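Subject: Structure for you to look at

Hello,

Here is the structure I said I would pass on. My notes on it follow below.

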Amino acid sequence: MSPILEIKNLNKNYGPTNILNDVNASIEDGEFLVLVGPSGCGKSTLLNCIAGLEPITSGTIRISGRDMTHVSPKDRDIAMVFQSYALYPTMSVAKNITFGMKVRGIEKAEQDVKLAEVAHLLQIETLLDRRPAQLSGGQRQRVAMGRALVRNPKLFLFDEPLSNLDAKLRVEMRTEIKKLHQNLGASMVYVTHDQIEAMTLATKIVVMKGGMVQQIGSPAEIYMRPANLFVADFMGSPAMNLIPARVTMNGKGASFTITRSAAPPMVLHDENIKSLPDNVLLGLRPEDIGDASLRKGRKLQISNCHVDVVEPAGADTYVLMTLGGVEVTARLQAETAAQRGANMEFTFNMAKASYFDANTGERLN
Amino acid sequence: MTNSLITNPLRKMMKRLVLRWLLYLLLCTFALYYMMPLFVMITTSLKNLEEIRTGSLMSLPREITMAAWSTAWSSACTGIQCEGLRPYFWNSVLLAVPAVLISTIIGAINGYVVAQWRFKLSNILFALMLFGCFIPFQVVLLPMARVLGMTGLAGSISGLIFVHVIYGIGFTTLFFRNYYVTIPAELVKAAKVDGASFWRIFFSIFLPLSLPIIVVTVIWQFTQIWNDFLFGVSFSQAGTQPITVALNNIVNSTTGVKEYNVDMAAAIIAALPTLLVYIVAGKYFIRGLTAGSVKG
Amino acid sequence: MMEWMEKQMPKLVLAPSFAASLIFVYGFIGWTAWVSLTKSKLLPRYDIVGPIQYQRLFDSPRWDVALSNLFVFGFLFIVISMLLGLVLAILLDQKIRTEGIIRTIYLYPMALSLIVTGTAWKWILNPGLGFEAMVQSWGWDSFTFGWLVDPDMAIYTVVIAGVWQASGFVMALFLAGLRSVDQEIIKAAQVDGIPTWRIYSSIILPSMAAVFLSAFIVLAHLAIKSFDLVIALTGGGPGYATDLPATYMYTMAFSRGDIGQAASSAMVMMMVVFAIVVPYLYSELRARND
């Protein structure tokens, strides 16, 4: 079975500037691919290229096994939902949804059937005669999705569809999109700058920066084994701690020496390491640093650290300390007795540690 | 001490009132300044010659007579012919209506292209076309006269329509472009994905949205073309002159007694269409005037 | 074939207008420039002889008058219109209840043809029967206002009529500009106790630089094109005392049959406009593309 979408060696230049650099990605039928990255990383441009709305300089795009690199959008068997919904302002909701079918010359009777199906699915039956200006943000979003659904395409493309909604609505619509994906089993490519959206919706994530793919993988892979410093920092909130450490190798793996002000350096060990350069950045997510009095475990290493700031956040309490000269966040249970200015015993789960080269930023383990 | 505490707020209020009255007085004075010529034109056109000679500029007519008006309309002399303004009024209508329509339609389509279908040279092309609005038309009078002569359009209304369309496209394109640029590009993208073609998108999506700018453009173009004199006097002949040329002929004709009341009546007749448009749709007219100038 | 047409449609659609621009604007300017370098009289000749037409032009006393009139008229017209427009705009900005009506009254002259304006003011400034006669009839026997027929003062009548026509428009522009200033800055200044006139002079006016420039460009453009007004108001007279380059060009082209002079005077007008408008357009387009 060929992948539903296959991008090979895609490059896009705009004049002298290189916007997309050697992008390779593919998804199978039914997958939910999320393109995520900071603004300007090229994710929207990549989506527009997949749609055929922007030309590419070199490379190929195949949809359903057919080469679509030079095919116009209307023949690519895709549908797209835009950030601003892009509903036709002078047409009713019904006309908005059926416009594409009308252009393609589909019989009115069939248009009506499809319209009714989609309106029922998205619960917008009562809105069919209204104009977009009379709808709320969430309703407009649904109409935009209805317009896409009615095409029954091979590929659904979403360009930051939730960015214009307020926080609560965003969470609701996110769930709706996820349910839609599960019910239809459709293939979706979704662009967002919100890494939480990416983690919750995706079956596969492409992290981008500066026009280049940083990492492709499942949400779990991206989260637990980021490929470089950028991915480690960008994905996950609060961000992964990146602690400078000096490495010494011995018979039992590696030892990491981390400096502390007004205290002797602390040392952590990882026996699974064969070799590492002298200086690395030790990556540990906040939830991998715990309160030793609340968390027990043989594999956890304990060290006594000074607490700088305590931030209670409901179900968790965040504690900030300074290690290796950088600010480190630990995510503790709410019952913790951590106090600002006091010292406390912390556990470090080195089994979850990531190591990064301090110069190239690449992952070393 | 207590005296000033009581009178101070009062004094302030009085000062504000006086200033306010001064403001209104100034504004009214200026309003009179602008109305004065119109007032003079109307009153003079309703007087008979005797009264004009003996009376004063701004006095109201002692006897109102419409004689000057009927002369201006049907028997004033514009050179050799003495048919009044009537035939020339229709010349202007025959000139203005097609010219306005054609230049507006072309401007709409051009503006659509420049705003939403940009290609590598489109901005430069637009700039070059825009520049054409700013040239003093004296610099094209001579060659245009030759071209009109060579194509047999010299002295004809069709020739004038042609000239006004050519030199009006710059402005109309600018108006539509500035308007279409505010329509989000995602709308065009969605339509492309839906399969709509260039023309489909224009007729189904952009045109229905365009009423405000169409009104502005039509009003602007109509005013420009109806009020034009330079092209009219350069490219028309005795039978095809627009009303502005005829008016000038009536006023500046050196034969016989100067009939000031007829002159004024003729001027008002010539001014009526654009004045009416302004009164009825003035809001849009102002929007048109400021649209191209105040770059937002 | 259809696919190619669809793809190229934007270019195909813009092409005719651009071609028209190329021929009827740039081509024609080129033709006029060419002819201005020849000995053309009644009919155009195409053998270039050099700048003799420009020499004749600047040797001609009539052209001197026309050019100096342009600068005098232009300067006064622009400055007075801008000042008057500014004053009116500031006055109207004071939250007047009848603002709509007043604005309509100030602006309506812009809807009139310059021929109509010229005709009206020609009558008003008529020495024997107009303003002068009226003031005399009020008892002020020695009052004279014969500017219209005075070769030295006639050009100022053109200024009067022009200002009347255009100042309302300048006011509309400035009013829009005044209102586009961020209200929060003004409120902060008011809270700080700064008097109203000071708010205008130190905060609002400086932020309106772009609008001033726009108004200047439009007025300058109007001034250079002022052909209709002069023809209707003074006919270029008395004699050629109120000639402007525009009327000079027209006379040379259509009355005198001296195409070479017409072309050269048109080119000089072109260059004056060019010198003002091009830097403006350039900076505007640069700002837009940033």
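In this predicted model, 8 residues of domain 1 of chain B are in contact with 7 residues of domain 2 of chain B. On the domain 1 side of that contact, two elements of chain B give two or more residues: helix H1 (2-45) and helix H2 (49-54). H1(B) gives the most, with 4 residues. Sorted by class, the domain 1 side that touches domain 2 of chain B has 4 nonpolar, 3 polar and 1 charged residues.

As for the bounds, the domain assignment of chain B puts domain 1 at 2-65 and domain 2 at 86-291. Between the C-alpha centres of these two domains of chain B there is a distance of 37 Å.

The other item is a pair of helices from two chains. The crossing of H5(B) past H1(C) is left-handed.

Which residues make the contact between H5(B) and H1(C)? From H5(B) they are Ser122(B), Leu125(B), Leu128(B), Met129(B) and Gly132(B). H1(C) supplies Leu14(C), Ser17(C), Phe18(C), Ser21(C) and Val25(C). By class, this contact of H5(B) with H1(C) has 6 nonpolar and 4 polar residues, and no charged residues.

Regards

Methods:
Residues numbered from 1 in each chain as written. Chains lettered and ligands numbered in written order. Predicted model: local features only at pLDDT ≥ 70, side-chain atom pairs only at ≥ 80, totals over all residues. Left-handed = near helix turned anticlockwise from the far one by under 90°. Contact = placed C-beta atoms within 7 Å. Nonpolar A, V, L, I, M, F, W, Y, C, P; charged D, E, K, R; others polar. Domains from an automatic or database assignment.
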